[in-house]
Amino acid sequence: MESEWTDWPDEKLLDLRLCDLPLQIEGSSLEERIRQLYAELEERGLAFKPHFWLSDEWFTPDGISGSAIPFYLAHPRLARLELNQMLEVEGGTPDWCMKILRHETGHAIENAYLLRRRRKRQQLFGKSSKPYPEYYTPKPYSKSFVLHLDMWYAQSHPDEDFAETFAVWLTPQSMWRERYAEWPAQKKLDYIESLMREIAGRSPPVNSGRLVDPLSGIEETLREHYRKKREHYGLEYPDFYDRDLRRLFSDAPTFAANATAANFLSRIRKEVRRKVADWTGEYQYTIDQVFQDMIRRCRELNLRLAVPEERAKVDFTVLLTVQTMNYLHSGRHRVAL
């Protein structure tokens, strides 16, 4: 079976159902990452070892002492498909994958040892009963939260704050005492330290091996999966870019012989998109939606370059960054995990 689908083009592969993917963690690169995670937990004196299974995304269900890992990380062919469909592979590098595994383990250990019930945990991080927002508004300069995953994810919900703080504490050589010295977040890290010492060596009272939404039970096709995923992270941008685009480009007859703005933006698209993603922590796919609308409007307005290309590239990168940050701080920012 594998010798067939690994050679299929994307269009054919997209019609395969997720439950028909012959995947497993054993034998994949994920096995090594999980082994590393277990070693880190053991080094800290923790007897807890979360279980993992493949599903359609990263998540840790309430009450379960384990986490789901997205299917595309179990095979390089599916990682390439993820890249083609979403323009990036979440957890696709060893370092990125370990960051998310430590984060999800923070959720799993809370479930396993019933830590959410503790009063001091609730005082420091907030209550788990707080509804999860569909979007959240990060405060980039806040020192009340640790920085681990992108987009200031600890600020999205009390449970994510705990998981992110645990992940920072668990990360080898994170030097969190020095990095977060005099930050309010240091109190949370100190609490994690004392809490983990308390449960060190103890078997968890909750040790459910239940699998939620395993890959074998998901009958939708890869095509439908990615349609929904793009819709979730996509945006519809109105035509209020016109004024800014006319400041960068021109439809005046004087510049009729110059390259069109649409062609210019298409050429620099990949480079600028990656740069803005690095600056903002935003998904490249979401940024690309802005790019598509801007290229479309440039074409409709018949805009052309009016300044040297290098200057136009710098000015446009600034414009795209501003629009992305406006979205990021608008309260409509989409939760990543």
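Student: Which residues does F71 touch, leaving aside those up to four places away in sequence, and what makes each of these pairs a contact?

Tutor: In this predicted model, F71 touches L18, L21, L23, L54, S55, D56, L78, L215, L222, H225 and Y226, once residues up to four places away in sequence are not counted. Each pair is called a contact because heavy atoms of the two residues lie within 4.5 Å.

Student: Which residues have the most contacts inside the largest nonpolar core, and how many residues does that core have?

Tutor: The largest nonpolar core has 63 residues, and F71 is listed with I69, I109, M196 and L222 as having the most contacts inside it. Two or more residues of this core come from each of α3 (29-43), β1, α4 (76-86), α5 (94-113), α7 (158-170), α9 (185-199) and α10 (222-233). The largest share, 8 residues, is given by α5. Another core lies apart from this one and has 25 residues, among them L245, I268, V272 and V276.

Student: Why are α7 and α9 called roughly perpendicular?

Tutor: Two packed helices are described by the angle between their axes and by the distance between the axes. Here the axes of α7 and α9 come within 9 Å and cross at roughly 75°. Angles from 65 to 115 degrees count as roughly perpendicular, and therefore α7 is roughly perpendicular to α9. The contact is made by D161, F162, T165, F166, V168 and W169 of α7, together with K188, L189, I192, E193, L195 and M196 of α9. Sorted by kind, the residues of this contact are 8 nonpolar, 1 polar and 3 charged.

Student: Is L305 buried or exposed, and how do you know that?

Tutor: L305, which is found in strand β4, residues 304-305, has a relative accessible area of 5%. Buried means under 20%, and so L305 is buried. Leaving out residues up to four places away in sequence, L305 touches F249, F255, N258, A259, A261, F264 and A312.

Student: K313 is a lysine, so what makes K313 count as buried or exposed?

Tutor: The label is decided by the relative accessibility, which is 16% for K313, and so K313 counts as buried, the limit being under 20%. K313 is found in helix α14, residues 309-328, and touches F264, I268, E271 and V272, again without residues up to four places away in sequence.

Student: How does Q173 compare with the cut-offs, and what is its phi?

Tutor: Q173 lies in the loop between α7 and α8 (176-179). Its relative accessibility is 79%, and so Q173 counts as exposed, a label that asks for over 50%. Q173 has a positive phi of about 55° although it is not a glycine. Most residues other than glycine have a negative phi. D213, in the loop between α9 and α10, is also not a glycine and has a positive phi of about 50°.

Student: Why is P140 called partly exposed?

Tutor: P140 has a relative accessible area of 23%, and so it is partly exposed, since that label covers values between the 20% limit for buried and the 50% limit for exposed. P140 lies in the loop between α6 (119-125) and α7.

Student: How many helices and strands are there, and what percentage of the residues is buried?

Tutor: The protein has 14 helices and 4 strands, and buried residues make up 53% of its 337 residues.

Definitions and conventions:
Residues numbered from 1 in each chain as written. Predicted model: local features only at pLDDT ≥ 70, side-chain atom pairs only at ≥ 80, totals over all residues. Heavy atoms only, no water. Core = buried A, V, L, I, M, F, W, Y, C linked by side-chain atoms within 4.5 Å. Buried < 20%, exposed > 50% of the residue type's maximum accessible area, 1.4 Å probe, protein only. Axes fitted to C-alpha atoms, helices over the stretch in contact; angles between N-to-C directions. Parallel < 35°, antiparallel > 145°, perpendicular 65-115°, else oblique. Nonpolar A, V, L, I, M, F, W, Y, C, P; charged D, E, K, R; others polar.
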